[in-house]
Amino acid sequence: MPKKNNKKKRPFSKLISIVSLLALVLFIFQMIQIDLFPINLLIVLVALVSIVVAIVLLVLNFKTKKMFSRFIITLVALCMCAGLVFGNLFLYKTGDVFDVVTSLADSKATTSSIVVMKNSSLYKENDLKNKKIGTIENLDEKATSSMLASLKEKSIRVKTKEYDSLDLLVDALYDGKVDAICLNEKYRDVLHESEAYFNFQTDSRIVCQNVEYTKVDKKDNPSDPVSNISSKPFTILVTGNDSYGTLQDSNTRSDANLLLTVNPKTGRILMTSIPRDYYVDLVCDETGDNACPEDSKDKLTHSGLMGVKCTERTIEKALGITINYNIRINFSSVVNLVDALDGIDLDVKEGEEVDVFYANGQPGLSVGKHHVDGETALAFARERHAYMDGDNQRVRNQQKVFKAIFKRIVSPKMITNYGKFMDAIAVAFDTNLSNREISKFVKYELSRLPKWKFESYTIAGNSDLKFCYAVGDYASVIMQNEQMNEIARKKIQAILDGKQASSVKDDTGISQEPSKDNSIGNSQEIEQPVYEAPVQNYEPSYDDSYTQDEPTYDDSYTYDDSYNEYDQPDLSYDSNYSDDTAG
């Protein structure tokens with residue numbers, strides 16, 4: 001009789017059993033729901049986990065009699081139960097992450113500032129009453145109108161003077177022709193590229209800001225999908241915005257543009273890099289915020305100001321290719337991803353070494369193997385001032401960093417860093433890849449475990465000074481190399497056709513590897529700190545009935561007719577000018 005009573009009195013064991021069974025059912029449901037595992041692997045995993053749970057619970061409830069053995073099996077059951085709970089959390093986090101990265105942000109933030117010279121007597125919004133503010137509505141109509149409407153709502157009446165270009169606008173501020181200017185913050189780094197305005201951020205200050213949130217439609221960034229991403233070759237554009245923080249912020253320059261042509265059947269990936277300053281024909285939307293005049297020419301990096309789709313279409317036109325998908329990241333994305341992976345391994349060759357990083361002034365990397373954190377990886381990917389061939393080496397560095405991140409992701413180390421990686425990737429990028437396509441590709445990776453073979457190609461060109469649409473003036477650019485464009489196109493097609501990219505001969509005579517004396521040092525020229533606008537607590541809000549209608553103004557706005565005569569830009573330039581100031 002006492003023995004029977006002992007068998008009935010095991011409330012803790014019953015509680016563990018109930019929780020474990022519920023966790024098991026939920027675990028199996030989520031594994032099926034997340035749709036990431038190949039069917040054969042899914043069956044094996046479900047069977048294995050179910051058998052382990054069944055054995056542990058049977059032993060816990062029916063086979064243990066002695067105190068010590070019951071303690072041991074209870075401990076094992078608790079660990080198993082905890083494992084199932086954490087497994088459910090990881091599966092839920094994985095599904096949630098894919099939902100986030102495959103859907104564009106609900107809204108996009110556009111920040112406009114009223115900027116004055118540092119020694120100005122204007123400090124508060126009310127100080128702007130009846131002052132003269134320079135604008136460039138022809139380049140930035142919606143953001144400018146929103147800023148002016150915000151001032152009007154606060155009964156702040158101003159005079160405005162329109163300028164034809166960003167340069168003329170800033171010149172007017174420096175020359176005292178206006179009291180302040182209305183500046184979309186996405187153009188601040190464009191000014192930083194110019195030697196004339198390199199110190200603008202330290203010469204000026206912000207009086208007030210306006211943040212406008214507008215809805216983002218998935219139709220704004222459509223993909224050109226392949227029929228089966230796990231078997232058909234495709235090309236992805238990975239574009240890196242030159243900004244920190246959230247990707248919800250307004251469009252910024254595309255600091256890095258890397259094409260990944262992937263052939264799942266052959267296991268080959270071709271990385272094709274294009275110079276950020278490549279002089280191209282912009283392909284913009286016909287209307288809306290991302291519109292630009294037909295036949296506008298500019299640096300490729302400035303295409304990012306008109307959105308990732310502009311960058312994609314511009315590259316397609318330049319190279320004569322089709323890009324199926326795009327992924328957008330920024331500086332914070334790289335830092336967070338690398339740190340979430342506990343760093344990456346970089347093998348720095350002769351000609352790639354850096355004594356001091358230009359981006360952050362920190363010690364660089366010598367020749368040899370290094371395990372680096374996120375900030376170091378980013379600084380290496382951005383470096384160009386330390387090299388004789390400048391931007392050409394920068395894109396090689398970007399390829400090296402991308403390959404190192406990819407290798408880390410598919411390594412066993414990923415298992416122990418899974419949680420941190422999921423947290424980082426949730427805010428690291430956005431893409432027009434669908435949830436279903438990512439799921440199929442992950443299934444392919446898990447079932448095949450392919451040994452990916454990387455090839456790379458870097459387009460190079462000669463420097464020149466050309467008129468750039470975003471700047472509204474002449475700037476240093478890299479002229480297109482039509483011969484290398486054609487070779488890049490053929491190499492991409494070779495991968496799509498199941499061949500090696502190396503089967504396409506490069507007869508340009510331009511080396512794809514750095515020379516041993518390529519590293520020239522840059523310890524004497526360290527970049528100024530990156531500008532960070534004041535943090536303000538804006539809450540995203542918008543009305544579902546939002547339309548693109550022009551805001552209306554009352555007659556309290558006054559415009560001085562004497563300001564209708566615009567100064568003409570000085571288009572003369574020194575042939576020896578070089579854009580060494582750009583970051």
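**View 1. Helix 10 passes helix 11 in a right-handed crossing.** A crossing is called right-handed if the near helix is turned clockwise from the far one by less than a right angle, and left-handed if anticlockwise. Helices (H or I, at least four residues) and strands (E, at least two) are DSSP runs, numbered from the N terminus. Like every view here, this one shows a predicted model, in which local features need pLDDT of at least 70, side-chain atom pairs count only at pLDDT 80 or more, and totals for chains, interfaces and linings use all residues. Residues are numbered from 1 along each chain as its sequence is written, and side-chain values use heavy atoms, with hydrogens and water left out.

Helix 10 covers residues 331-340 and helix 11 covers residues 374-382; their axes come within 7 Å and cross at roughly 135°. Axes are lines fitted to C-alpha atoms, for helices over the stretch in contact, and angles run from 0 to 180 degrees between N-to-C directions. The two helices are therefore oblique to each other. Angles under 35 degrees count as roughly parallel, over 145 as roughly antiparallel, 65 to 115 as roughly perpendicular, and the rest as oblique. From helix 10, look for Phe331, Val334, Val335, Val338 and Asp339; their partners in helix 11 are Gly374, Glu375, Ala377, Leu378 and Arg382. Contact means heavy atoms within 4.5 Å. Sorted by class, this contact has six nonpolar, one polar and three charged residues. Here Ala, Val, Leu, Ile, Met, Phe, Trp, Tyr, Cys and Pro count as nonpolar, Asp, Glu, Lys and Arg as charged, and the others, Gly among them, as polar.

**View 2. Helix 11 is mostly covered.** Seven of the nine residues in helix 11 are buried: Gly374, Ala377, Leu378, Ala379, Phe380, Ala381 and Arg382. Buried means under 20% relative accessible area, exposed means over 50%, and partly exposed lies in between (1.4 Å probe, protein chains only). The cover over these buried residues includes helix 10, strand 12, strand 13 (368-372) and helix 12 (391-409).

**View 3. Helix 2 and helix 3 have axes that come within 11 Å.** Helix 2 spans residues 11-34, helix 3 spans residues 39-63, and the axes cross at roughly 175°. That makes helix 2 roughly antiparallel to helix 3. Among the residues that meet here are Leu21, Leu24 and Phe27 of helix 2 and Val46, Val49 and Val53 of helix 3. By class, the contact has 14 nonpolar, five polar and one charged residues.

**View 4. The largest nonpolar core has 56 residues.** A nonpolar core is a set of buried Ala, Val, Leu, Ile, Met, Phe, Trp, Tyr and Cys residues joined through side-chain atoms within 4.5 Å. Leu166, Ile181, Phe200, Leu259, Ile274, Ile315 and Ile459 touch the most other members. Elements giving two or more residues to this core include strand 1 (107-117), helix 6 (166-174), helix 9 (308-319) and helix 16 (482-496). Apart from this core lies another, of 49 residues, among them Val335, Ala379, Ala424 and Tyr444. Zoom in on Leu259: not counting residues up to four places away in sequence, Leu259 touches several residues, including Ile236, Leu270, Ile315 and Ile492.

**View 5. Helix 6 is largely enclosed by the rest of the structure, so seven of its nine residues are buried.** They are Leu166, Asp167, Leu168, Leu169, Val170, Ala172 and Leu173. Just after helix 6, Gly176 takes a positive phi of about 75°.

**View 6. Ser155 and Asp342 each have a positive phi of about 60°.** Most residues other than glycine have a negative phi. Ser155 is found in the loop between helix 5 (137-153) and strand 3 (159-162), and is partly exposed, with a relative accessible area of 43%. Asp342 sits in the loop between helix 10 and strand 12 (344-348); at 35% relative accessibility, Asp342 is partly exposed too.

**View 7. Arg205 lies in strand 5 (residues 204-215).** Arg205 is buried, with a relative accessible area of 19%. Its C-alpha atom is separated by 8.9 Å from that of Asn119, 86 residues apart along the chain. Not counting residues up to four places away in sequence, the residues touched by Arg205 include Ile114, Val116, Met117, Lys118 and Tyr123.
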